[in-house]
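Try each task yourself before you read its solution.

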Amino acid sequence: MWNRSLWEFVFPLLTSVRHLAATSSKDEWQGKELGMRGGKPVHMLVHHSRNTAQKQWDETLVLVLSGMSRLLRPFLPFLQTLDNFQKGWDSLLLFIQESILNGSKEVALAANNCLQTVLLGHCLKGKLPMSYFKSAFLVYETVLQKAADYHSTVATKAKQELLRSLGELYVQGHEMFDSTLYLRVLELVDLMARYPKSIVDSTTIEYGCVHPVQRTVLEVYPMLKPKDGKLSSMWPNLLRKMLLYLPGDEAHFSDGCATVESYSTSRDKQERCSTARDTWTTEISCFHGTGQCASNSQFQKPADDTLVAKEMLRSESSDFSNSVHKSSYIKAKIPVSESNAARIEEMSNQVSSPLFAEKIITVLVDIFLQALPAERLDTAPEIIAALGRCMATRRDLPDGSLWRTAVEAFNHILVDDITSSHSNSQSFGSEVDLPSSGPGRSRFWKEVADTYETFLLGSCGRAFPSEILSPAILKADESLEANVLEVLCNRVLNSSIDAPVEVFQRLVSTLDRCAARTSSLPIESVGLLPAHCSRFSFTCLQKIFSLCSYEVGTQWDASRFTISRVALPVLMNRCDFILRQFLTDENDSGETPLPSVRVQELIYVLQELARLVLHPSTASIVELPIVVKGVGDKISNVEHTHLLVLFPSLCELVICREARVRELVQVLLRLVSTELGLGKRHS
């Protein structure tokens, strides 16, 4: 009875409906004439959704697909035992595939729902053979690959539902996925993220908005977190895939150029790729830290006439700051026809939107913080480097929001790393033995130092045109800069971290170079410096003071001692330069008053020098003449040893014209006398 029902009614019905729907007329019908009114014929109104034969057959297709899902969900395990059912299953999958690719939006949604209902209903119960699952997965694969073609007729809503179905299929049936299938899922989601728009897409995307398909991609990526077990090694693949959407990925850009060249010059390769889905292989080897990336994925490529456009967009999306240069580079290698120019520009506005990169950062960081400790250790340097490239976009796009999002994500990762390091003796809060100072951690801290150096020196404390940023935005950005310094000094440098000494030296040097901006400017220029720039310089100087300062009774660890020993010589050199430069400027200016910023800087330094107290271990590295050091050893008072280094410069300032400066110098000289034990004679 079942065999007869299937082969005499059900599957023939599928074939018949599919044929009739494909050959139905698209001509609009005019309603039947009902009569005359006022000398004009009156026609029956026909709703626009039913005014053609094809639209009516579309509704029939929806009913057929709905009926198939109701039939297969409860009876599929039994039907698999029937002879030749595999042939009928393949026929159904082909019907679903054609309905999605060639049908209307309603038909495509119904076909996707039919496939999803059947798969989810049996994957959870473990009653779906692997051969059936792979053949069904191939439908998703084929449809999404063809939907990436600009000439595809698949509606945007259908693409969104296909992506959601694929993500839900992984969540509910992750036991059916091995590493190969998982990588295929990543490639499909990536394909939709890069090429969301098609020629029939009626969605109007305003500037600053993300395409609906890309919004769905942002929803799907968190669903693809590798489950514990056989897919635990896939964390780096997921994280590195999302890194490719961030600016500055030169390696991926170069790989894209090679891909376009090979596909545009070899017809044989195109033919092989059209059948490669049967023998899908994916090899991913990305090393963002070294600039080397290889991502070889064999799948059905879009049509030839869209390859140039899409590969050009891939290059443009890799770096927002240098998009013009990279576009010309692609054009030089592969000529673009004039007929495609308008479409390239239109698609560029969708794919290379910085807003998508901004959104992907939030998703990336959330997923990264949930990854296994060993996988976080492996990918953390690459993520820090990518965030650093995003932060660096502030220099060219100060009014953009990408760099702000990247700054917050960067701080979040560092704080989480330090917090988990404190809660566990192993790095990244690991419950397994991980090397606390291995190559992975060294790379991590190197990228952290690179990011701080590039961002603080290149983008912070700078004067931006007033017509670009409003006072409110400038104030918010200044607060964000202060937060970056807060995390650097109070959470990174003042914590017990496993960074090499070279990293400490680079970070302190970065702070010193930022602090030097005010004192290094000529007198003619320093007066024109915006207030927020001088405040940033003073803040950096204050942070260096805090790295050297010691509170009596505080317990320091080895890392804290190292930081203070690294920072003290840098601080002494900076303070000595500020004192001497002030004297030079005052002598050169004659009777002309110095800019208030220069005077405030000197007063600030003198006040901080008076407050600064050194730990005996830190003070021991101060290089003093043998005679002075011998006196200090007898007195056993090393709290203000740093003043002995600056004593010659302080003596020169006693004739300064500024009364407040002379008062502070007097205080410091009294401290010097106390340090040398001279004050006791007057007690």
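**Exercise 1. Find which residues of the largest nonpolar core touch the most other members.**

Step 1. Keep in mind that you are looking at a predicted model. Its largest nonpolar core has 175 residues.

Step 2. Those that touch the most other members are Phe85, Trp89, Phe177, Tyr221, Leu224, Tyr452 and Leu456.

Step 3. Helix α24 (residues 558-589) supplies the largest share of this core, eleven residues.

Step 4. Now zoom in on phenylalanine 177. Setting aside neighbours within four places in sequence, phenylalanine 177 is in contact with Phe133, Phe137, Leu169, Tyr170, Tyr182, Val185, Lys230 and Leu231.

**Exercise 2. Decide how much of helix α8 is covered.**

Step 1. Select residues 212-220, which make up α8.

Step 2. Apply the cut-off: a residue is buried when its relative accessible area is under 20%.

Step 3. Seven of the nine residues pass, so the helix is mostly covered. They are Pro212, Val213, Gln214, Thr216, Val217, Leu218 and Val220.

**Exercise 3. Work out what arginine 18 and glutamate 98 tie together.**

Step 1. Look at the two side chains: they meet in a salt bridge, with 3.8 Å from N to O.

Step 2. Locate the partners. Arginine 18 sits in helix α1 (residues 2-23) and glutamate 98 in helix α3, so the bridge joins parts that are 80 residues apart in sequence.

Step 3. Check the surroundings. Arginine 18 is partly exposed, at 23% relative accessible area, and glutamate 98 is partly exposed too, at 29%.

**Exercise 4. Is arginine 441 buried or exposed, and which aspartate does it pair with?**

Step 1. Find the partner: arginine 441 forms a salt bridge with aspartate 498, and their closest N and O atoms are 2.9 Å apart.

Step 2. Aspartate 498 lies in the loop between α19 (471-493) and α20 (501-515), while arginine 441 belongs to helix α18 (residues 439-459), so parts 57 residues apart are tied together.

Step 3. Read the accessibility. Arginine 441 has 2% and counts as buried, whereas aspartate 498 has 23% and is partly exposed.

Step 4. Widen the view: the structure holds 27 salt bridges. Lys446, Asp450, Glu453, Arg506 and Arg513 are linked in a network of them.

Definitions and conventions. Residues are numbered from 1 along each chain as its sequence is written. This is a predicted model: local features need pLDDT of at least 70, side-chain atom pairs count only at pLDDT 80 or more; totals for chains, interfaces and linings use all residues. Side-chain values use heavy atoms; hydrogens and water are left out. Buried means under 20% relative accessible area, exposed over 50%, partly exposed in between (1.4 Å probe, protein chains only). Helices (H or I, at least four residues) and strands (E, at least two) are DSSP runs, numbered from the N terminus. A nonpolar core is a set of buried Ala, Val, Leu, Ile, Met, Phe, Trp, Tyr and Cys residues joined through side-chain atoms within 4.5 Å. Contact means heavy atoms within 4.5 Å. A salt bridge is a side-chain nitrogen of Lys or Arg within 4 Å of a carboxyl oxygen of Asp or Glu.
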